[in-house]
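Hi,

Here is the structure I promised to send over.

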Amino acid sequence: MKYQYYPGCSLEGTALEYQLSTRAVMEAAGHELVEIEDWTCCGASAAESLSYLLSLALPARILALAETTEKPADILVPCSACYLNLKKVEEKIKKEPGLLEKLNEILSESGLTLKGKVRVRHLLDVMANDVGAKTFKALVKKRLERFSFAPYYGCQCIRPYAVFDDPESPRSMEPLIEATGARIHKWAMGSKCCGASHINTDPEVSMELVRAILMAARGADAIVTVCPMCQMNLEAYQGKISKIGHEDLHIPVLYLSQVIGLSLGLQAREVRLDLNLSVTDTFCKALNTAVTPD
Amino acid sequence: MDNLTHNETMHDERHSDSLVAVQKLVNSCLQCGTCTGSCPNAFAMDKTPRQLWHMVHLGYTDVIFSSRTFTLCSTCYTCTLRCPRGLPLTEAMSALKQIAARENPKFYRRSVLFYKNFMESVRRHGRVNEAEFMTLYFAELKNPLVPFQFAPLGIKLMLKKKISVRFPSRGNRLLEPVFRKVEEMEPTS
């Protein structure tokens, strides 16, 4: 299938490994990603804290750009924060009277119009439902049998819009992880908040949330994420949190697309494990124990 | 009200106007406390979310905007999902943040500067440039200690070439028409 692809700002910088592994895995599964031309920032969590209208106008511009193609395909978004910002516009213009007209008044200054015809999809939704665990399983070249992964969904890909999973007890990542041969680390923290951008403005509060997640992940070989913000919060402060609580809470954190990529036979350097802040040599060595299926 | 100065009274009235919109959002709140029980950040709040909605009902703007409660909402949407009345509570929290961003109370200054400099970088370049907006943010914070809290992570990210040093510049201004029109349609002061 063909998707219009919105990488978002993080995937060009701090989450480059998410971008590269997403592209590699989707290509391996036979899907085409066409990047939306001239895309701009969705407003992240900053716009909503300053202005309601701006928080909708920025993602509206992206949807309008996506609509300029002849037969607009679904928009594929790997970042959960971008996904929700775009999704919000898709949902709100259907319900809030006068909103579409207002947004079009803004967009007309840039020569764009929004009709509300494109569908916004999260990468996890597409991997779980369009590609499917079965397809991935058939493509597996390295079974990650000795690994146990803790699926971490975070908030914004499952709430407030319950599009493809249960918003409180999500499970959509499980068949995908099991397709790689790995086991699921059973825990109750998969849909709990990591504090999002509070790590910058109220770090002590956010680190408390991250600590609870890292504690529950003990026993797993890695945490698996689908959002650059969650990924950064869960992996960048492990040292600090361990030091404060006098307990070792270090654990590798990987993007789902990296885990799938590894099982499809991509090398660690191809899914750019070197870019993760939390992946250790021990973890990379353990990958060599992965078994080739008969 | 008697012991307020003229300026403080004016301040309060401006708050009240914008608060009407938030009151509408939480109008049918039952005060059941499901939001408080669901909030991952409630432990750090001086007023619980339920208490905050009560203050919004009563129009106690001075209490609302001297509390840090709304600033600690990390938009996880759990309260919105669970509210038995189906109220858009996360959106109501954001609406309070938007009022506060205009009024700029002292304790919220750091957050507002963070968001404003983030959006300034977006306005200039169309996309976020982490190194640039953190430079703008640090410069405005005027607290020489804050950059050091972020330095270890910044250095790690630079070594992995995930961020690069970029001095603030004018940028491509691709989003200028959007920002300008929004300012015209939604006056901020």
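The buried residues of H8(B) pack against H7 and H9 of chain B. Those buried residues are Glu132(B), Phe133(B), Met134(B), Leu136(B) and Tyr137(B). Bear in mind throughout that this is a predicted model. The length of H8(B) checks out: it covers residues 130–141, and 12 residues at 1.5 Å each should span 16 Å, so the 16 Å between its end C-alpha atoms agrees.

Another residue of chain B to look at is Lys161(B), in the loop between H9 and H10 of chain B. Its phi is also near 55°, which is positive although the residue is not a glycine. Lys161(B) counts as exposed because it has 10 other C-beta atoms within 10 Å, and the cut-off for exposed is 12 or fewer.

Now for chain B as a whole. What is it built from? Chain B has 10 helices and zero strands. Of its 189 residues, 35% count as buried. Taking contacts in chain B between residues at least 6 apart in sequence, 61% of them join residues at least 24 apart. The chain is divided into domain 1 (6–103) and domain 2 (109–185), and the C-alpha centres of these two domains of chain B lie 28 Å apart.

Next, where the chains meet. The contact takes 42 residues from chain B and 41 residues from chain A. On the chain B side, helices that each supply at least two residues include H5 (78–82), H6 (89–103) and H10 (176–185). Which helix gives the largest share of that side? It is H7(B), with eight residues. By class, the side of chain B that touches chain A has 23 nonpolar, nine polar and 10 charged residues.

Chain A also comes in two parts: its domain assignment gives domain 1 (2–123) and domain 2 (133–287). Their C-alpha centres lie 24 Å apart. The contact between them takes 24 residues from domain 1 of chain A and 27 residues from domain 2 of chain A. On the domain 1 side, helix H1 (16–28) and helix H4 (80–95) of chain A each supply at least two residues, and H1(A) has the largest share, with nine residues. That side divides into 14 nonpolar, seven polar and three charged residues.

As a general point, nonpolar side chains tend to be buried together in soluble globular proteins. Here the largest nonpolar core has 119 residues, and those touching the most other members are Ala57(A), Val77(A), Leu86(A), Leu176(A), Ile223(A) and Val224(A). H3(A) gives the most to this core, with 11 residues. Apart from it lies another core, of 23 residues, among them Val22(B), Cys35(B), Val56(B) and Ala95(B).

H3(A) itself is mostly covered, with 14 of its 16 residues buried. The helix runs over residues 52–67, and at 1.5 Å a residue it should span 22 Å; its end C-alpha atoms are 23 Å apart, so the two values agree.

Leaving aside neighbours within four places in sequence, its contacts include Phe149(A), Tyr152(A), Met173(A), Ile177(A) and Val259(A). Val224(A) also stands opposite Leu254(A) in S8(A). Strand S7 (residues 222–225) of chain A and S8(A) pair in the parallel sense over three bridges. They belong to an open sheet of four strands in chain A, in the order S6-S5-S7-S8, with parallel pairing. The edge strands are S6 (183–184) and S8 (253–255) of chain A, each pairing on one side only.

Finally, two backbone details in chain A. Arg159(A) and Pro160(A) are joined by a cis peptide bond, with omega about -5°. Pro160(A) lies in the loop between strand S5 (148–151) and helix H8 (173–179) of chain A. The other is Asp38(A), which has a positive phi of about 60° although it is not a glycine. Asp38(A) is in the loop between strand S2 (32–35) and helix H2 (46–50) of chain A. Is Asp38(A) buried, exposed or partly exposed? With 13 C-beta neighbours inside 10 Å, Asp38(A) counts as partly exposed.

Cheers

Definitions and conventions. Residues numbered from 1 in each chain as written. Chains lettered and ligands numbered in written order. Predicted model: local features only at pLDDT ≥ 70, side-chain atom pairs only at ≥ 80, totals over all residues. Buried ≥ 20, exposed ≤ 12 C-beta atoms within 10 Å, placed from the backbone. Contact = placed C-beta atoms within 7 Å. Expected span 1.5 Å × (residues − 1). Domains from an automatic or database assignment. Nonpolar A, V, L, I, M, F, W, Y, C, P; charged D, E, K, R; others polar. Core = buried A, V, L, I, M, F, W, Y, C linked by C-beta atoms within 7 Å. Pairing = 2+ DSSP bridges.
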